[in-house]
Amino acid sequence: MKKIKVFFAAFLFTKKQDLPSLIPKSLAGRTILILLAGFAIVQLLGLVIQTFNQMQLERIDDQRALATRAAIIYRHIALAQPADRPAAVMREPLPRSDGLALVFGLPPVAGTAEMPLAARQIIRASIFAYGIPPAIRPHGLVVRESHNPLTYIIIFGLPGPPGSLQPFPPPPGPPPDMNGNLPPPALMPVGYWLVFTSPVLKPEPWRSPGFATAFIVMTLLGAVMISWAVRQLLIPVRLLAEAADRLGRDVANAPDLPERGPRELVTAAAAFNTMARRVRRFVEDRTFLLSAIGHDLRTPITRLKLRAEYMEDDEQRQKMLADLDEMEAMVSATLAFGRDVTTSEPVTRLDLPALLRTILDEAADGSATHSNELSYEGPEHLAVQGRALGLKRAFTNLVSNALKYGDAAFITLRAPGRHSVQIDIDDQGPGIETADQETVFEPFRRLETSRNRETGGSGLGLSIARNILRAHGGDIQLINRPEGGLRARVTLPV
């Protein structure tokens, strides 16, 4: 036992770090695990209680059967002639475990113990209920037990005078009472005693196949019912999560959550739909504001350009026109950013490798000096669900950034999983500091080391690309390559 405890403690110590991985990550899995564990414990306790009750009933049945068997044997011996009783004892067929002996003198109770009251009453009542003719009724009945192993002992006083095998009148002393309590030795009747012994087998029902089968069958049935009930109860949570995911991907076109079902679900759906409408209104108001400001700024920019043409200082005129061109580019990018948020382009099935190769061909046409630094590696065809114009703009922005700041754009398409694809766009530039790899996605964010006014960047290209990709259920991440350069890693659902 001590070795088992030491082994169990060592097992827990070594596996302590692995235990969290055994806990399901989903709410349904954890709920099912908790309920199933509680159900199994309740079932086990119920089976244990039922087993003990069954053991008690079996013990009572065994005591009654033992008393009946002893009464039958006593009747056979008592009906025999007194002189033939020793031979009858030897001839009496007995089970292998039982014992039978004929003893003269006082009841042989040495080394025995008093039997529990309930057991004594059951055995005595069963013997008398069997029915023994008055002529051969025992002149004494002693019910005892011995231990190690537990053995029941039933002692019958055979009728006959003291010192002989002839019948004799009842002795003057009182026999043992109905509870099996012995009178004082001076009052004990002396005669022939028939001693019947039978060992008591300890019941072990939990070792029987029926115990394990009942536990396994009930636990499996309970697991099926618990799993079904938990999954039905968590359907509203799953629907709410799916609706929130759709809203996060496409605020403008996400459908409302159906307001039906139980009262709590209807209340939650109504609150979610109200929140979605407020978010949609906020985004629309912000987009309208950006669009209005961008549209209204174009007129004064145009007027400033016309006035700059009349400046006599050529150097100042060129600087002012460059500033105005940059302002106009920023306004155009702002309007495009607003349009991307509220796009209504339908989702279709498109060939992603064909789209990527088209973007590379257009980039090569627009920049002949980089035609040798453009490449695609991956499958020839791979269908995905998405908005063709939106995805083309996102990948065009990424390819343009790679060419502008890294002088190359090497695209690698692979499918790491059944439900997603991965697109890597590598360049040969200096890369980006790790601390800035996330901040560059903020609108109008430009890094001073690589992005300045001469490049014409507005700081919205990566923001627009990430918004489009996230609206498709994907994302984008920037990684510095070990061999040098920056990698834009895009993941998209298939």
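1. Leu352 touches Leu382, Val384, Phe395, Leu413, Val421 and Ile423, leaving aside residues up to four places away in sequence; contact here means heavy atoms within 4.5 Å. The model is predicted, so local features need pLDDT of at least 70 and side-chain atom pairs pLDDT 80 or more, while totals for chains, interfaces and linings use all residues. Residues are numbered from 1 along each chain as its sequence is written, and side-chain values use heavy atoms, without hydrogens or water.

2. Leu352, Phe395, Leu398 and Ile423 touch the most other members of the largest nonpolar core, which has 38 residues. Such a core is a set of buried Ala, Val, Leu, Ile, Met, Phe, Trp, Tyr and Cys residues joined through side-chain atoms within 4.5 Å, where buried means under 20% relative accessible area, exposed over 50% and partly exposed in between (1.4 Å probe, protein chains only). The elements that each supply at least two residues include α10 (352–366) and β10 (420–426). Helix α11 gives the most, with seven residues.

3. Another core, of 27 residues, lies apart from this one and has Ala70, Ala71, Ala78 and Leu141 among its members.

4. There are two aromatic pairs (ring centres of Phe, Tyr or the six-membered ring of Trp within 6.5 Å; planes under 30 degrees apart are stacked, over 60 edge-to-face, the rest tilted). Tyr74 and Phe156 are stacked, because their centres lie 4.7 Å apart and their planes at 20 degrees. Both Tyr74 and Phe156 are buried.

5. Phe104 and Tyr192 form a tilted pair, with centres 4.9 Å apart and planes at 55 degrees. Phe104 is partly exposed at 41% relative accessible area, and Tyr192 is partly exposed at 22%.

Technical notes
Helices (H or I, at least four residues) and strands (E, at least two) are DSSP runs, numbered from the N terminus.
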